[in-house]
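Please consult the sequence and the model below before reading on.

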Amino acid sequence: MIKRSRFGNPIETEAIINKPEAVEFSSKRLIRTDNGFIINLSEKEMVFGLGENVRGINKRGHIYKSYCDDNPNHQEDTMTLYGAHNFFVLSDSKLGVFLDTPSEITFDIGYTKASEFRIEINKQDFDLYIIEGESIDKVVQEFRGLIGRSYIPPRWSFGYGQCRWSYMSSDEVRTVAENYEKNNMPIDMIYLDIDYMERYKDFTVNKDTFGDLDQLISEMKAKNIHLVPIIDAGIKVEEGYDVYEEGREKGYFCKDADGEDFIVGVWPGRCCFPDMLNSEARAWFGNKYKVLTDMGIDGFWNDMNEPAIFYSEKKLKEAFGKIKEFEGSNLGVDKFFELRDIFNRLGNSREDYASFYHNYRGQKVCHNDVHNLFGYYMTRGASEAFERISPDKRILMFSRASYVGMHRYGGIWQGDNKSWWSHLLMNLKMMPSLNMCGFLYTGADVGGFGSNTTEDLMLRWLQLAVFTPLMRNHSAMGTRRQELYAFEGTERFKKVLDVRYKLLPYIYSEFMKSALKNTMMFRPLAFEYTDDEIACHVEDQLLLGESIMIAPIVEQNAIGRTVYIPERMQLVRFKDGEVISEKIYEKGHAYVEAALDEVILFVRENRILPLSEGGKNVTETNFNDLSLIAFGDEIKPYEYYNDDGESPVKDDYDKYISVLSK
Ligand code: GLC
């Protein structure tokens with residue numbers, strides 16, 4: 001059952017596609033306060049959801065804020081990440097809550113007072129949705145029905161992708177492809193980061209280094225490798241740059257308080273932000289992707305769309321003023337810290353977010369009031385353009401910033417992480433909470449983006465990533481090279497990577513079923529084994545689809561791990577190219593070993609895991625001739641979804657289902 005209650009006069013977000021009639025607010029669990037709600041939590045209550053965030057699968061014990069934030073240095077105490085996903089479920093009462101507002105929200109989940117979940121909303125204009133159901137899964141499914149079907153990318157995007165900031169030339173891209181080929185390692189995508197552009201200008205190509213991009217695209221296509229370029233939110237201010245000039249003339253950029261184009265610093269220096277909330281400007285920006293699709297590009301990633309700001313003209317001026325003021329003075333503790341912070345505080349400042357404006361549905365709206373929608377609408381603009389540009393073929397699209405609603409238009413990656421073991425675990429923990437909010441095509445920068453990875457971290461991370469829909473190795477400028485052939489044990493990487501291509505039919509089928517039935521692909525054990533207290537508190541294992549449980553190793557130098565087995569399950573090991581069905585475990589704890597070049601998973605009793613032979617890339621992987629792994633006396637037939645992987649998906653689900661039995 002879904003109830004919507006309206007407070008004040010909310011800004012339309014278009015997160016919801018099926019809005020029920022509003023009713024007067026009443027709730028047994030939510031107590032209205034001046035600026036939000038309080039929920040009293042029983043000792044055992046768990047809180048799930050909030051999409052992209054740090055910390056646990058169960059979100060109790062910390063404060064989170066809903067405010068899209070570019071924070072590459074996030075740690076345990078971080079409150080905001082790149083997305084704003086205001087949906088959560090209370091385990092005891094099986095109650096789902098969605099707060100639909102682009103304004104900032106604070107979720108204090110038993111942090112200030114352990115027994116209290118306090119929600120503070122910056123503006124008292126919002127729609128509140130309360131969803132009740134017989135299980136957490138049902139509540140999530142109802143919510144997903146409300147927000148509409150998740151984005152479905154082309155099937156090739158379930159292959160492995162190699163990225164780095166940046167491959168600096170066509171030849172460097174060729175070298176990457178050759179190295180994968182030489183080492184017999186599968187690959188489907190190579191990503192182009194900002195340096196393929198001419199001085200970071202969207203929809204341009206650097207003539208000196210990528211002058212032969214057309215040719216590169218077709219060479220790569222011949223190897224079944226897709227090139228996936230980045231698009232940034234800011235447009236460089238430069239006379240003669242057509243995108244800038246057009247945007248300025250048409251009045252499509254965000255404005256300052258005086259109605260002038262608002263100027264910020266990002267990669268290319270001074271930039272304007274296209275007004276992604278203005279439908280005309282958005283469509284204009286979306287059409288620009290055609291420059292690249294015309295060359296044969298069929299996938300993109302949208303970046304810096306929180307939007308990230310290095311500095312504004314105003315703040316920069318103030319900063320230089322302060323520096324001059326401090327010059328030559330005796331800096332005591334206060335002044336020293338003030339000086340140090342001047343430049344640290346330049347970027348992504350709330351003051352800047354409060355000083356520019358959008359034309360949203362014909363109204364002048366301050367950015368700060370719609371901040372969380374910017375990345376959503378940028379990605380929506382692109383995705384809507386793709387429907388015009390490429391009506392017969394899916395295009396890959398994923399974004400860094402997002403709000404619920406954007407899940408219909410693209411996937412997301414989990415933003416800039418670090419080569420830390422804790423971030424490997426965080427990658428796992430975010431999968432179910434993102435699925436709850438509709439984001440299915442997701443994954444993290446495998447190996448870690450910032451700081452230097454290690455060979456074993458890379459291997460262990462890959463062992464998780466073989467299961468995530470988006471499987472992209474990405475690293476920052478200046479860090480150690482982390483292409484899979486860049487380490488001593490190349491053979492080990494190959495063994496792990498090959499497993500992905502064996503799992504592809506299952507991963508794609510489970511992804512598609514989740515998208516088409518509004519279910520979750522990755523579920524916490526707590527959603528299935530609701531009466532099993534131990535299972536409910538497992539934070540480092542997940543159910544993936546209907547047949548398997550994953551329990552990756554997330555600690556350095558570990559040779560195995562303790563796994564909680566919540567029901568009879570069989571250990572399956574991928575070792576040296578073989579698939580070995582090992583021990584059948586009864587419910588309880590077990591210590592399971594897994595070497596650095598192996599992948600382990602657990603198959604549930606009476607469920608089927610279909611596997612392919614593997615392949616060099618998705619196109620060459622056989623999705624029809626499958627081997628089936630299963631054990632038990634009453635094996636349930638497996639509904640296998642498979643389509644051409646390319647055509648836009650309609651609602652003719654049954655046409656693509658076949659039943660596999662053993
Ligand atoms: C941002 C992105 C990262 C990219 C970099 C350069 O930090 O999150 O993925 O590599 O910008 O474009």
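## A nonpolar surface patch

Leu331, Val333, Phe336 and Phe337 form a nonpolar surface patch of about 340 Å². Patches consist of residues with over 30% relative accessible area and no salt bridge, with like charges joined within 9 Å and nonpolar side chains (Val, Leu, Ile, Met, Phe, Trp, Tyr) within 5 Å. A salt bridge places a side-chain nitrogen of Lys or Arg within 4 Å of a carboxyl oxygen of Asp or Glu. Accessible areas come from the Shrake-Rupley method with a 1.4 Å probe, and for residues only the protein chains shown count as cover.

Phe336 belongs to helix 9 (residues 333-344). Helices (H or I, at least four residues) and strands (E, at least two) are DSSP runs numbered from the N terminus. Phe336 counts as partly exposed because its relative accessibility is 39%; buried means under 20% relative accessible area, exposed over 50%, and partly exposed in between (1.4 Å probe, protein chains only).

## Basis of the model

The model is predicted: local features need pLDDT of at least 70, side-chain atom pairs count only at pLDDT 80 or more, and totals for chains, interfaces and linings use all residues. Residues are numbered from 1 along each chain as its sequence is written, and side-chain values use heavy atoms, leaving out hydrogens and water.

## Backbone features in loops

Most residues other than glycine have a negative phi, and most peptide bonds are trans. The bond from Trp165 to Ser166 is cis, with omega near -5°. A cis peptide bond also joins Glu306 and Pro307, with omega about 0°.

Asn518, not a glycine, has a positive phi of about 55°. Asn518 lies in the loop between helix 15 (490-517) and strand 28 (522-523), and is buried at 17% relative accessibility.
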